[in-house]
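The sequence and the structure come first, followed by the contacts.

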Amino acid sequence: MGLTGREVLTPFPGLGTAAPAQGGAHLKQCDLLKLSRRQKQLCRREPGLAETLQDAAHLSLLECQFQFRHERWNCSLEGRTGLLKRGFKETAFLYAVSAAALTHTLARACSAGRMERCTCDDSPGLESRQAWQWGVCGDNLKYSTKFLNNFLGPKRGSKDLRARADAHNTHVGIKAVKSGLRTTCKCHGVSGSCAVRTCWKQLSPFRDTGQVLKLRYDSAVKVSSASNEALGRLELWAPARPGSPSKGPAPRPGDLVYMEDSPSFCRPSKYSPGTGGRVCSREASCSSLCCGRGYDTQSRLTAFSCHCQVQWCCYVECQQCVREELVYTCVTRMARVGTALAGRGGGSCDRKPEAGRGAVRTCSVEAGAGPGGAGNMEPLYQQTHKHVHEIQSHMGRLETADKQALHLVENEIQASIDQIFSQLERLEILSSKEPPHKRQNAKLRVDQLKYDVQHLQTALRNFQHRRYAREQQERQREELLSRTFTTNDSDTTIPMDESLQFNSSLQKIHHGMDDLIGGGHSILEGLRAQRVTLKGTQKKILDIANMLGLSNTVMRLIEKRAFQDKYFMIGGMLLTCVVMFLVVQYLT
């Protein structure tokens with residue numbers, strides 16, 4: 001499970017919420033898991049635990065990858081073994097999210113009835129089976145926490161700083177799950193009234209727990225060790241500030257702790273595969289994720305459903321629209337070197353079809369004629385600006401062109417826009433090569449041109465959508481005018497009476513169910529009252545039994561004392577006679 005520091009947190013096959021495996025299948029699943037010998041013994045004794053452990057590993061992996069999807073370290077399985085042997089912030093998060101996932105999954109498995117030795121959480125006034133029937137089966141967080149402490153086994157030596165840090169981070173994960181425990185209530189009664197309300201404990205979605213742990217990761221505390229003479233063990237403390245002889249403050253119970261600074265994760269290493277080839281967001285994450293190496297831009301055409309309408313009866317009809325999306329991927333070091341060797345100059349973009357992904361336009365740098373590439377920006381900019389004004393003038397032809405020439409005009413405008421996009425990509429490369437005092441102004445001019453072209457592209461697509469809608473309306477109008485209408489058949493009827501009868505039957509059934517629920521509630525109240533009465537009767541019977549037992553003891557003590565007193569009296573009488581005899585003999 002990645003909790004002992006010796007195993008790798010890996011997803012397992014066959015995950016799901018099916019019923020626990022029985023017999024030999026359950027034992028085989030336990031043997032396949034990467035567990036210690038003691039943990040495998042616990043797994044064999046607990047049917048349903050193997051599936052729960054698999055679900056927990058899968059849940060922790062998915063949540064970790066979701067929370068770090070925009071980070072340099074994206075929780076990949078590659079390098080996980082080396083990472084768990086160190087004391088990085090990422091190691092602390094792995095321990096916390098693994099413990100949280102196992103606690104969460106165990107509690108949910110108990111409430112779902114997939115574990116034989118635990119049931120749902122103790123609901124007030126309801127037994128487990130009744131709670132399942134009423135739908136108020138709470139998540140058994142108490143059992144899952146207790147089982148987890150037993151499953152992880154005893155901690156390593158108290159003088160091991162790494163062991164104390166791992167135990168602390170594990171506790172942080174469990175605490176994050178506990179903080180998400182909420183009380184959920186359900187109303188029962190006639191016509192939806194809340195005459196009867198049952199409440200139970202329920203865990204929040206694990207996505208909320210993952211967000212809490214991500215915030216703990218962002219504010220993790222670096223710690224070192226300090227000896228506590230009173231307790232005779234090591235304690236976690238923050239490093240002292242420079243120039244301060246005293247140690248820093250101790251981390252709070254909810255803080256993740258780490259001991260080593262994390263690597264950059266930019267290049268492939270034994271801890272991660274690096275960031276080369278990762279998809280990034282140009283505005284948000286490319287500058288950080290690509291580690292200064294730059295990124296490639298690809299344009300893809302993707303199809304999506306649009307202009308959806310509800311048709312009678314009863315389906316939704318949609319059109320297929322196409323849009324262009326820009327995808328940014330971080331380049332590797334070799335790709336960056338190849339771009340630098342290509343020299344300065346223009347660029348080209350090729351469109352290639354890909355299966356299931358539409359057309360892809362890949363942009364690459366072309367070799368220039370010399371180092372004077374920066375001076376080629378101004379003519380290219382003027383040429384591109386002229387093309388933009390020409391397209392703006394051509395847009396007016398769309399409204400006046402006839403149907404035969406309309407498609408030709410649209411294709412001509414689209415081809416011009418594609419050519420301008422290619423020129424803009426060359427302008428972006430050239431603007432980055434401008435002198436520093438001109439570079440900012442050059443980028444602003446290129447961005448303005450790009451905005452204008454995107455506006456023209458949007459206007460063209462809107463016109464095409466309006467044209468498609470207008471042509472569809474004309475076809476529907478022609479079909480409607482050309483349709484021949486006839487009278488209805490003689491057997492055409494409207495089943496209104498049957499619908500009314502069906503509605504009345506549903507209302508009667510609804511009221512009957514409400515009465516049944518009310519009767520069940522009365523029965524439960526009667527059972528509770530009988531339970532209280534039986535408890536009082538049992539208490540009285542126990543009191544009477546205790547009283548009778550005390551009386552018998554006293555009688556036995558009295559009889560024993562009377563028997564002893566009899567012997568004392570006889571012995572005293574004999575002793576008195578002997579003394580009197582001796583006195584008489586002495587006097588005579």
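## Helix α5 against helix α7

The axes of α5 and helix α7, which covers residues 141–152, come within 8 Å and cross at roughly 130°. The crossing in which α5 passes α7 is right-handed. The model behind these values is predicted.

On the α5 side, the residues that meet α7 are A99, L102, T103, L106, A107 and C110. Their counterparts in α7 are L141, Y143, S144, T145, F147, L148 and F151. By type, the residues of this contact of α5 with α7 comprise 10 nonpolar, 3 polar and no charged.

## Helix α5 against helix α9

Helix α5 spans residues 89–112 and helix α9 spans residues 206–218. Their axes come within 10 Å and cross at roughly 155°. Because angles over 145 count as roughly antiparallel, α5 is roughly antiparallel to α9. Here α5 passes α9 in a right-handed crossing.

From α5, the contact is made by K89, E90, F93, A96, V97, A100, A101 and H104. From α9, F206, T209, L213, K214, Y217 and D218 take part. The residues of the contact of α5 with α9 divide into 8 nonpolar, 2 polar and 4 charged.

## The two contacts of α5

The contact of α5 with α7 has no charged residues, whereas the contact of α5 with α9 has 4. The crossing is right-handed with α7 and right-handed with α9.

Methods:
Residues are numbered from 1 along each chain as its sequence is written. This is a predicted model: local features need pLDDT of at least 70, side-chain atom pairs count only at pLDDT 80 or more; totals for chains, interfaces and linings use all residues. Side-chain values use heavy atoms; hydrogens and water are left out. Axes are lines fitted to C-alpha atoms, for helices over the stretch in contact, and angles run from 0 to 180 degrees between N-to-C directions. Helices (H or I, at least four residues) and strands (E, at least two) are DSSP runs, numbered from the N terminus. Angles under 35 degrees count as roughly parallel, over 145 as roughly antiparallel, 65 to 115 as roughly perpendicular and the rest as oblique. A crossing is left-handed if the near helix is turned anticlockwise from the far one by less than a right angle, and right-handed if clockwise. Contact means heavy atoms within 4.5 Å. Ala, Val, Leu, Ile, Met, Phe, Trp, Tyr, Cys and Pro count as nonpolar, Asp, Glu, Lys and Arg as charged, and the others, Gly among them, as polar.
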